[in-house]
Amino acid sequence: MNILRNTCFYTLFFLVSCGDSSEVANEVLNTEKNKVVDTIAKKPLSVSDKLMIELAVFPKTVSANSSLMDTLFWPIRSTVNDGFALFCKFNTGNKSFVYDRNQEGELTQINAFKAGFLFKDTVNIEYPNIMLRFTEDYGVNETYYYNCWFSYNAKLSKYTFNNCFSINLEDKNKDYMRDAYISETASSEIIDETNKEVLRLLKENNYLN
């Protein structure tokens, strides 16, 4: 890049010193600019860049009223190119999407969640369980975070709710956060009731698609 800039500078200096017209100088500038653009264009794209281009960069399913701040890809198949969970961070909140590549080689969206993507299990390479974090503002002073496992349903060809792993409660002023529920220490009756209530809440709030 510095070589191109230096070449452009000395070429312009020579032209101006010889009294050539500004049209010649502009032509040299455009030529050097094109060289720089061509150099950048030849830079190899990352896998995530290619996938975003394939998704038309900002498709309607990924867009939001505010700008997209960051993205993160998590493979759900043997390679991220075959299928992935896409975590999108917006100014107004988090969204996560799951894409799978069909037999025709096309990416299809199989899930959309109003949630943040936390992690996936490491037991299965193909369609592992994934954990999502849903946020609910409760009243004016508290926020609940529902950390839920989703499993791939082969019959429906999509991820479906498995269970609520835990629930965190946070003060709106962020003075504290505590566990309101942990499945590992709860009785089977409480686990069943909590799973039913959380799933109902997620559906009613349109957190699942």
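Among contacts in the protein between residues at least 6 apart in sequence, what percentage join residues at least 24 apart? The share is 40%, where a contact means heavy atoms within 4.5 Å. The structure is a predicted model, in which local features need pLDDT of at least 70, side-chain atom pairs count only at pLDDT 80 or more, and totals for chains, interfaces and linings use all residues. Residues are numbered from 1 along each chain as its sequence is written, and side-chain values use heavy atoms, with hydrogens and water left out.

Confidence comes first. The protein has an average pLDDT of 79, and 74% of its residues score at least 70; pLDDT is the predictor's confidence in each residue, from 0 to 100. Among the elements, the highest mean, 97, belongs to helix 4 (residues 188-204), and the lowest, 39, to helix 1 (residues 2-17). The pLDDT is below 50 over residues 1-22, a stretch with 16 contacts in the model beyond near neighbours in sequence. Where pLDDT is low, the predicted coordinates should not be read in detail.

Turning to the fold, the protein contains four helices and nine strands. Helices (H or I, at least four residues) and strands (E, at least two) are DSSP runs, numbered from the N terminus. Along the sequence their pattern is α-α-α-β-β-β-β-β-β-β-β-β-α. Five of the strands make an open sheet with antiparallel pairing in the order 5-6-7-8-9; two strands pair if DSSP finds at least two bridges between them. Strand 5 (116-120) and strand 9 (177-182) each have a single partner strand, so one side of each edge strand is left without a neighbour in the sheet. On average, neighbouring strands of this sheet are turned by 30° against each other, direction ignored. Four bridges link strand 5 and strand 6 in the antiparallel sense, and Phe-119 stands opposite Met-131 in strand 6. Helix 4 lies across strand 6, strand 7 (142-153), strand 8 (158-171) and strand 9, and runs at about 95° to strand 8. For these angles, axes are lines fitted to C-alpha atoms, for helices over the stretch in contact, and angles run from 0 to 180 degrees between N-to-C directions.

The structure holds 13 aromatic pairs, counted when the centres of Phe, Tyr or Trp rings (for Trp, the six-membered ring) lie within 6.5 Å; planes under 30 degrees apart are stacked, over 60 edge-to-face and the rest tilted. Phe-113 and Phe-134 are edge-to-face because their ring centres are 6.5 Å apart and their planes stand at 80°. Since Phe-113 belongs to strand 4 (residues 107-113) and Phe-134 to strand 6 (residues 130-138), this pair ties together parts that are 21 residues apart in sequence. Both Phe-113 and Phe-134 are buried, meaning under 20% relative accessible area, with exposed over 50% and partly exposed in between (1.4 Å probe, protein chains only).

Another pair, Tyr-144 and Tyr-146, is stacked because the ring centres are 6.3 Å apart and the planes are at 20°. Tyr-144 and Tyr-146 are both buried.

Burial extends to 33% of the 209 residues in the protein. One example is Ala-112 in strand 4, which is buried with a relative accessible area of 8%. Leaving aside neighbours within four places in sequence, Ala-112 is in contact with Ser-96, Phe-97, Tyr-207, Leu-208 and Asn-209.
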